[in-house]
Amino acid sequence: MVKGLVKQLRHRMLISGFLIVILLLAGCGEDPRQGLPGGAAPAVIELWHSLAGAEGEALGKEVQRIMDSHPEVLIHLEYIAEGEIAQLAYLAQAGGEGPELFLTTAQALTELFQQGALAPVLGNGDSFIGLTSQFKYGEKLYAQPLATDVPLFFYRTDLAQLPASLADFHTTKGVLALTALDTRNLAPWWSAQGGKLTGNGQPVLQDPANLIFLQQLLAWREGNLLLVDPNAWNLFLNAQAAYTIANASQAQGLSADIPWGSVPLTQLTAGQGEILTTRTLGIANSSIKTSESLSPLIRLVEDELLSADSQGAIAKAGKRFPASSSFYSREEAQTGILRQVGLGLAQVWSLPGNALEGKLIPIQDKAWQKAWSGVVPEEALAGAQTEAVKALEAK
């Protein structure tokens, strides 16, 4: 009986050993899969961002979605305040460290580029040309726009009618309130009337069209049609101004009892003129961490975050609007504010990141503000021209 039991155990052991050998041989013929037990560990992609609150939470959800769909990548999010991201990146990269990806404002991305922290962007977006060009230096693109905001012309239907054009603005007798007299608010209007900052690669702030435009603004002030007030939006809400120019995102805070409408400013200029955007976010990759081995995964993460759905979720949480042109071809974007934003983005001023105009806009703004405070318009523009020439000569 004992002999029979021993024989039975030996038989079972032989069978078990045979099965183990078969399993081992079968395992040798299959490569371990990324991110699964026994496979290679997922690659870690560190992403520094400056999105807070609901916008940061939306980014976190999108990152989790990407990791769920792509177990080969592990994305580590690190919040860095916009004003600190360039300096911290400089310190980190000096030691060969830092993130693979940056997601922050256009201003912060410009600082990162200027200190050599960015490599040509890997991800592919489908943004509007004007939005993309601000991240282009020479022939290379160093970031992709992800979300933005655009100015709109808001009007109160209970106070005045929408002018047929800006040339007819004075006939409506409605007051236009602006938070500031600057190129960003008035770019479509100014450029549609021939305004320009450069000619043959040189500043031309004294151009006759610039003077005529400035004189027109001052004439409207004298006629009590135009005022500049930091509280312009509240004046509009309280029915003290019939018109204002403000970011499209402001419409999200309008209550139902305020009768209002809005249009892209170019609708009042017969489609002429160019728009400057605000509050733009972009995504870029590091100059020292974009290695050949990680490039495919960095591209994957960038492409996922630049998809129309991902842009829509992040932009909505931050009260911005997607930079993706395909987003505005959707049915839900064919009406209301989304349609107006899409029309505006199609006419964004295409200025490369190192464009001379970008350096001259603040100088022109100061000239306008001087004229508003009482300086003779010709003198204000002449002073701006002198300042612009000196600034170029100093570089």
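Predicted model: local features only at pLDDT ≥ 70, side-chain atom pairs only at ≥ 80, totals over all residues.
Residues are numbered from 1 along each chain as its sequence is written, and side-chain values use heavy atoms, without hydrogens and water. Local features need pLDDT of at least 70 and side-chain atom pairs pLDDT 80 or more, while totals for chains, interfaces and linings use all residues.

**Terms**
- On a 1 Å grid over the protein atoms alone, a cavity is a set of points where a 1.4 Å probe fits but cannot get out.
- A pocket is an open set with protein on both sides within 12 Å along at least five of seven lines, and lining residues have an atom within 4 Å of a point.
- Points join across faces, edges and corners; a volume is the space filled by probe spheres set on them.
- Helices (H or I, at least four residues) and strands (E, at least two) are DSSP runs, numbered from the N terminus.
- Ala, Val, Leu, Ile, Met, Phe, Trp, Tyr, Cys and Pro count as nonpolar, Asp, Glu, Lys and Arg as charged, and the others, Gly among them, as polar.

**Largest pocket**
- Its lining has 28 residues; Thr110, Gln134, Arg184, Gly353 and Gly358 are the closest to the centre.
- α4 (106-114), β15 (278-286) and α12 (356-372) each supply at least two lining residues.
- The lining splits into 13 nonpolar, 11 polar and four charged residues.

**Second largest pocket**
- Lining residues include Gln252, Lys316, Arg320, Phe321 and Phe327.
- α10 (308-317), β16 (321-322) and α11 (336-345) each give two or more residues to this lining.
- The largest share, three residues, comes from α10.
- Six lining residues are nonpolar, two polar and two charged.

**Cavity**
- The structure holds one cavity of 30 Å³ or more.
- Leu109, Thr110, Phe113, Leu118, Phe135, Tyr137, Tyr142 and Ala143 line the largest cavity.
- α4 gives the most to that lining, with three residues.
- Seven of the lining residues are nonpolar, one is polar and none is charged.

**Helix α12**
- Buried residues (under 20% relative accessible area, 1.4 Å probe, protein chains only) of α12 include Leu356, Glu357, Asp365, Trp368 and Trp372.
- Among the partners that the buried residues of α12 pack against (heavy atoms within 4.5 Å) are α6 (183-192), α7 (208-222) and α13 (377-393).
- Just after α12, Gly374 takes a positive phi of about 125°.

Definitions and conventions. Buried < 20%, exposed > 50% of the residue type's maximum accessible area, 1.4 Å probe, protein only.
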